[in-house]
Amino acid sequence: MPDEAIRLSLLSFSLAGEAKRWLHSFKGNSPKTGEEVIEKFLKKYFPESKTTEGKAAISSSHQFPDESLSEVLERFRGLLRKTPTHGFFEPIQLNMFIDGLRPQTKQLLDASAGRKINRKTPGEATELIENMSASDHAIL
């Protein structure tokens with residue numbers, strides 16, 4: 001059995017409810033590759049209007065006054081997961097996240113980075129943010 005056929009048959013085990021019924025609704029006009037299934041799935045469950053709405057929420061996300069770094073990071077990641085078709089590359093996501101932080105949080109990140117956090121590589125900046133948020137539940 002070809003790998004593509006195995007992947008398609010296993011896909012049904014990763015879906016539930018309406019999505020699973022949708023996958024099983026295909027008859028003679030069924031998708032032949034995983035890419036075709038993904039394309040049809042995204043068109044059905046993530047139409048352009050939903051993607052536009054999600055992109056706006058991601059790009060306008062900001063830290064609330066009583067929100068810690070770990071909380072805002074988790075909320076931002078939730079927005080990214082909610083709109084998997086957002087199309088923002090990781091460096092852009094990182095810049096949007098940092099731009100949405102409160103000035104005090106940015107200053108703390110800059111001090112921890114030893115310079116502006118934006119001057120770090122995306123990988124270094126992400127690692128620093130993740131490390132700080134893992135030990136932070138009080139940074140506002």
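This is a predicted model: local features need pLDDT of at least 70, side-chain atom pairs count only at pLDDT 80 or more; totals for chains, interfaces and linings use all residues.
User: Why is Q93 called buried?

Analyst: Q93, which has its place in helix α6, has a relative accessibility of 15%, and because buried means under 20%, Q93 counts as buried. Among the residues that Q93 touches, leaving aside those up to four places away in sequence, are F76, L80, H86 and F88.

User: What makes L10 partly exposed?

Analyst: L10, a residue of helix α1, has a relative accessibility of 48%, and since buried means under 20% and exposed means over 50%, a value in between is called partly exposed, so L10 counts as partly exposed. Together with I6 and F13, L10 forms a nonpolar patch on the surface, and the three have about 320 Å² of accessible area together.

User: Which residues of α3 are buried, and how do you know on which side of the helix they lie?

Analyst: The buried residues of α3 are G34, V37 and Y45. They cover an arc of only 60° around the axis, which means that they lie on the same side of α3. The face turned away from this buried side carries the exposed residues E35 and K43, while the cover over the buried residues of α3 includes α1 (3-14), α2 (17-24) and α4.

User: Why is the pair R75 and E67 called a salt bridge?

Analyst: The side chains of R75 and E67 meet with 2.8 Å from N to O, and because a salt bridge needs a side-chain nitrogen of Lys or Arg within 4 Å of a carboxyl oxygen of Asp or Glu, the pair is called a salt bridge.

User: What makes K116 and D110 a salt bridge, and how many salt bridges does the structure hold?

Analyst: The closest N and O atoms of K116 and D110 are 3.8 Å apart, and because the cut-off is within 4 Å, this pair is also a salt bridge. K116 is exposed because its relative accessible area is 53%, and exposed means over 50%, whereas D110 is buried with 17%. The structure holds 5 salt bridges, and another one of them joins R81 and E74, with the closest N and O atoms 3.0 Å apart.

User: Why is S133 called buried, and what does it touch?

Analyst: S133, found in helix α8, has a relative accessible area of 10%, and because buried means under 20%, S133 is buried. S133 touches L69, S70 and L73, not counting residues up to four places away in sequence. S133 and L73 are 60 residues apart along the chain, with their C-alpha atoms separated by 7.6 Å.

How values were computed. Residues are numbered from 1 along each chain as its sequence is written. Side-chain values use heavy atoms; hydrogens and water are left out. Buried means under 20% relative accessible area, exposed over 50%, partly exposed in between (1.4 Å probe, protein chains only). Helices (H or I, at least four residues) and strands (E, at least two) are DSSP runs, numbered from the N terminus. The arc is that of the directions from the helix axis to the C-beta atoms. Contact means heavy atoms within 4.5 Å. Patches are made of residues with over 30% relative accessible area and no salt bridge: like charges are joined within 9 Å, nonpolar side chains (Val, Leu, Ile, Met, Phe, Trp, Tyr) within 5 Å. Accessible areas come from the Shrake-Rupley method with a 1.4 Å probe; for residues, only the protein chains shown count as cover.
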